[in-house]
Amino acid sequence: MGRIKTYHIVLFALLLALSVLLHYLEGLIPVIVPVPGFRLGLANIPILFALYYFGYIAYLVLMLLKLLFVGLLFSGFGPSFYLALGGTILSIVMTLISYQIIKTSIYATSISSSIFHAIGQLIAYHLFFQTPTVYFYLSVLGPISALTGYFIALFDKIIITRLPYSFKENEEKRRF
């Protein structure tokens, strides 16, 4: 029993480190889409995996720890942190509703999470800078967020379904 617990803790720490690393590496990628504030969301790949592999508690803890570590290591606790905080809070709420209550597929969960992250950032931007016209930006950011959410879900579904049986033998069957 102790071995399985240690295994899960190590895997959880690895997913957190991978998420923070992917956030950093994403910042090094040249801008693909000329939309200010747009990111691919690669750091969400290990987090979405944790949601469907460990469950919603692990997802919640990973999201909050990633936000904290990224704030401490890269962005500080300035305006960009508060934008990320707004996006993260709304994304968490939508993800938990989608996963726990509505019980949607991994695609719908990821897409809704991505879109609501963008909405949360716009709300935070409005509150921080007192700019109500920022919501018009959702017409650009929304479809792009949906597209990246779809590809993150696709990537995670491929990873989860191709895990060796020995890796999954003690885990519950997950929804797709």
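I started with Val140, which sits in helix H6. My helices are DSSP runs (H or I, at least four residues; strands would be E, at least two), numbered from the N terminus. Before going on, I noted that this is a predicted model, where local features need pLDDT of at least 70, side-chain atom pairs count only at pLDDT 80 or more, and totals for chains, interfaces and linings use all residues. Residues are numbered from 1 along each chain as its sequence is written, and side-chain values use heavy atoms, with hydrogens and water left out.

Back to Val140: I looked up its cover and got a relative accessible area of 38%, so it is partly exposed. The cut-offs are under 20% for buried, over 50% for exposed, and partly exposed in between (1.4 Å probe, protein chains only). I also checked Val140 against Phe38: they are 102 residues apart along the chain, and their C-alpha atoms are separated by 10.0 Å.

**The largest pocket**

Rolling a probe the size of a water molecule over the atoms shows where empty space is left. I used a 1 Å grid over the protein atoms alone: a pocket is an open set of points where a 1.4 Å probe fits, with protein on both sides within 12 Å along at least five of seven lines, and lining residues have an atom within 4 Å of a point. How much space lies in the largest pocket? I got about 980 Å³. The lining has 44 residues, and the closest to the centre are Gly37, Arg39, Ala84, His117 and Gln121.

Which helix gives the largest share of the lining? That is H5, with nine residues. Helices H1, H2, H3, H4, H5 and H6 each supply at least two. By class I noted 21 nonpolar, 20 polar and three charged lining residues. Here Ala, Val, Leu, Ile, Met, Phe, Trp, Tyr, Cys and Pro count as nonpolar, Asp, Glu, Lys and Arg as charged, and the others, Gly among them, as polar.

**The salt bridge**

I found one salt bridge, meaning a side-chain nitrogen of Lys or Arg within 4 Å of a carboxyl oxygen of Asp or Glu. Glu26 pairs with Arg39, and their closest N and O atoms are 3.8 Å apart. The pair links distant parts of the chain, with Glu26 in helix H1 and Arg39 in the loop between H1 and H2, 13 residues apart.

**Helix H2**

I looked at H2 next (44-53). Nine of its 10 residues are buried, including Ile45, Phe49 and Tyr53. Gly55 follows H2 and has a positive phi, near 115°.

**Positive phi elsewhere**

Most residues other than glycine have a negative phi. I wrote down Lys103, in the loop between H4 and H5, with phi near 60°. Lys103 is partly exposed, at 48% relative accessibility. Gln130, in the loop between H5 and H6, has a positive phi of about 55°. At 61% relative accessibility, Gln130 counts as exposed.

Methods
Grid points are joined across faces, edges and corners, and a volume is the space filled by probe spheres set on the points.
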